[in-house]
Amino acid sequence: MIANQIANPYLPAPAQVLAIQPQTGVDYTFRLATDIEPAWGQFVEISLPGVGEAPISVSDAGPGYIELTIRRVGKVTTALHQLKPGDTVYLRGPYGSGFPRDEFAGHQLVVAAGGTGVAPVKGLINYYAGHPGELAGLNLLLGFKTPADILFRTDIERWQGLFPTILTVDQGQAGWLGKVGLVTEFVKEIPLKNDARIIVVGPPLMIKFTVAEFIKCQIKPEQIWVSLERRMHCGLGKCGHCKINDVYVCLEGPVFNYSRARDLVD
Amino acid sequence: MGYKLTPAGLAALLDELVTSRRVFGPVRYAGKGRLAGTDLITYGPVKGLADVVWDARTTFSPKEVFFPVKESLFYFSHGEITESALKASEILETVVFLRACDLNAVTRLDKIFLENGPAADNYYARRRQHTHFVLMECQESFPGCFCVSMGTNRATGHQAALRPEGGYYLLQALAEPWLSLGERYGQPADVEPVWVQKNSLTVKVPDRVDTSLFQHELWREYSSRCIACGRCTLSCPTCSCFSVQDIFYRDNPERGERRRVWASCQIDGFTDMAGGHKVREDRGERMRFKVLHKIDDFRRRFGINMCVGCGRCEEVCPEYISFARCVNTLSQLMNGGAGA
Ligand SMILES: Cc1cc2nc3c(=O)[nH]c(=O)nc-3n(C[C@H](O)[C@H](O)[C@H](O)COP(=O)(O)OP(=O)(O)OC[C@H]3O[C@@H](n4cnc5c(N)ncnc54)[C@H](O)[C@@H]3O)c2cc1C
Ligand code: SF4
Ligand code: SF4
Ligand code: FES
């Protein structure tokens, strides 16, 4: 029944910090040396021995490295923010489901992302920036709390030149000339094709109301994908913290088709 | 093969068994019960026949033997990570005396730890693979048991089955070392295991529970009654949730460990996330989550119900919350009835 020597799935591997790029006062992007090859939307468990472990979405990846964009909110994330290039962190993963590239091919894709929700879709947007022919158009709708909270500024500037992009903040600030308002208010400004594919990522309420707006625009639940966040302790389907109904968010998620996600009741 | 043993014969058999194996079973801790002057009957090491309690249900389940309340995963020291090792005593073959419900519960734990997700849990597997079971046959069930309703009154996967009867012990040996032990300490006899056929409590599990019932007022009763103590989940033989924590040793801050400890979906903080987002803050919602996990979610995932009808959660609840009554109410509601 049980093999004598089985591998330890909890054991993390050391990874060197190659670079740290502050995005805002509280969000830093870490480039880490690793062979992990994640799919878009997957996450890793990053840890510092003696401090703890946290699940973090992969915000970008390339040969020999991944990037994580981490908001300082507590014990582990604060300790990570004190690191310097050359320091060592510990990684395991990648875990969870990613965004289904095959489902997007040949269709219009709309990415609506709020706050740190931009992190799990950044790699995907950058991929399509390099392979625009794979889609019948890409529209971006990005929302942040205030101008000071905007992540990935240089990427966003590049995307603005490539795709129709709506960048909005909940609250303006002196000198902000861009749009002000919640992401939900701008959904109807996007010219949607009948067969458009939609990705919605962000805080729980943002997901809920943004999805509702798309559905009002005749988009079917099957055309929408969301990424859910839940408390996680193992990423392996064992600890139980992330479970909703018969689903484990760390295994079947964090990316779900909305036709499935809408039936998940906490 | 069947054997009939005198009490002295079984005592001698166990004396031999404990020389080479760790043996666990229901034992009595005098004066340690929940109420003053009562004993705690729970799982503990068995040194001999006199330790084994035959006539009571244990408060806690045998799962601790291979899923300890707290377990070190690895140690940190100066940038080195070392996987925790089992003590020499812990890699001995281990024998657990348990009842049919609890043996069925082990198959539920196996599903989570060995089958769910991309990999088996090595910490569970390394203890579980050395653990073997002896079934303590129940001739009658205890108050609050509903194994017959859950189909867990029968079990498989044990090495031997044992019951006291007519001043003797009847042993059904299915594997070594029980065949040779039976040969040496007993007399060959026709032994057929007995199974509980009827409990005084009957529970009807609904075929499925609609999400429309998630908002039903039945859960509201628990919002105020449940005190979120988590005893129900600690005593449950099938609850498997845990939290992972890192610590530094106070006397040597260069060293520390990552460990896991049992966790409970009934206790505050189980779902807390950064930014203050929580789910199931209401205790009625937690009760719903627990009950549906035991009788609906798990079955949809693995094809069998998680709950094995042992009745412990109800017995330990300080608020006398009845799991069985809740499930029966759900069944009535799913059948269009008004509920109990
Ligand atoms: C799939 C997934 C992807 C994520 N991606 C990102 C990302 O790309 N960038 C990012 O900044 N954050 C991300 N998070 C959130 C991140 O995991 C938490 O912010 C982090 O675990 C907090 O750890 P901490 O030790 O700093 O906080 P703690 O000191 O432990 O606690 C601070 C707060 O965080 C909560 N918390 C603790 N553990 C978790 C956890 N495992 N998940 C959620 N909240 C938790 C606590 O309850 C508390 O409210 C993601 C979470 C999930 C589940
Ligand atoms: S839910 Fe209650 S009755 Fe069912 S197995 Fe767990 S403790 Fe026993
Ligand atoms: S034992 Fe009773 S009071 Fe305690 S958490 Fe369970 S249901 Fe609530
Ligand atoms: S994070 Fe542990 S089960 Fe999903």
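Predicted model: local features only at pLDDT ≥ 70, side-chain atom pairs only at ≥ 80, totals over all residues.
## The interface between the chains

Chain B meets chain A through 51 of its residues, which are in contact with 43 residues of chain A. The area buried between the two chains is about 3,800 Å². Carbon and sulfur atoms give 58% of that area. Polar contacts are present too: 27 residue pairs are counted between chain B and chain A.

Several elements of chain B give two or more residues to the side that touches chain A. The strands are β4 (70-77), β5 (80-83), β11 (242-249) and β12 (252-262). The helices are α2 (100-115), α3 (122-128) and α8 (283-302). By residue type, this side of chain B divides into 24 nonpolar, 13 polar and 14 charged residues.

## Charges across the interface

Side chains of opposite charge can pair when their charged atoms come close. Five salt bridges are found across the interface of chain B and chain A. One of the salt bridges in the model joins D297(B) to K243(A), with the closest N and O atoms 2.8 Å apart.

Both D297(B) and K243(A) also belong to a network of salt bridges that share partners. From chain A, the network takes in K243(A), D246(A) and R260(A). From chain B, it takes in D296(B), D297(B), R299(B) and R300(B).

## Salt bridges within a chain

Over all chains, the whole structure holds 36 salt bridges. In chain A, R71(A) pairs with D27(A), and their closest N and O atoms are 2.9 Å apart. R71(A) lies in strand β5 (residues 65-71) and D27(A) in strand β2 (residues 27-33), so the pair ties together parts of chain A that are 44 residues apart in sequence.

In chain B, R260(B) and E71(B) form a salt bridge with an N to O distance of 3.9 Å. R260(B) belongs to strand β12 and E71(B) to strand β4, so this pair links parts that are 189 residues apart in sequence. R260(B) is buried, with a relative accessible area of 1%. E71(B) is buried as well, at 3%. Another pair sits within one helix. R225(B) and E221(B) meet at 2.4 Å, N to O. Both lie in helix α6 (residues 220-225) of chain B, four residues apart, about one turn of the helix. R225(B) is partly exposed, at 27% relative accessibility. E221(B) is partly exposed too, at 29%.

## A buried lysine without a partner

K294(B) lies in helix α8 of chain B. K294(B) is buried yet has no salt bridge.

What does K294(B) touch beyond its neighbours within four places in sequence? Its contacts are C236(B), T238(B), C239(B), N305(B), M306(B), C307(B) and F323(B).

Helix α3 (residues 119-130) of chain A is largely enclosed by the rest of the structure, because eleven of its twelve residues are buried. Among them are K122(A), L124(A), I125(A), Y127(A) and Y128(A).

L18(A) is found in strand β1 (residues 13-22) of chain A. At 40% relative accessibility, L18(A) is partly exposed. Leaving out residues up to four places away in sequence, L18(A) touches R31(A), L32(A), A33(A), Y65(A) and P85(A). The C-alpha atoms of L18(A) and E67(A) are separated by 9.7 Å, although the two residues are 49 apart along the chain.

## Backbone details in the loops

A cis peptide bond joins G253(A) and P254(A), with omega about 5 degrees. P254(A) lies in the loop between α6 (249-252) and β15 (255-257) of chain A. Chain B has a cis bond from E176(B) to P177(B), where omega is near 5 degrees. P177(B) is in the loop between β9 (168-173) and α5 (178-185) of chain B.

H78(B) is not a glycine, yet has a positive phi of about 45 degrees. H78(B) sits in the loop between β4 and β5 of chain B and is exposed, with a relative accessible area of 58%. Y320(B) also has a positive phi, near 55 degrees. Y320(B) lies in the loop between α9 (312-316) and α10 (323-334) of chain B and is exposed, at 67% relative accessibility.

Note on methods:
Residues numbered from 1 in each chain as written. Chains lettered and ligands numbered in written order. Heavy atoms only, no water. Contact = heavy atoms within 4.5 Å. Buried area = accessible area lost by both parts, 1.4 Å probe. Salt bridge = Lys/Arg side-chain N within 4 Å of Asp/Glu carboxyl O. Polar contact = N/O pair within 3.5 Å; in protein donor to acceptor, adjacent residues only side chain to side chain. Nonpolar A, V, L, I, M, F, W, Y, C, P; charged D, E, K, R; others polar. Buried < 20%, exposed > 50% of the residue type's maximum accessible area, 1.4 Å probe, protein only. Lys, Arg positive; Asp, Glu negative; His and termini not counted.
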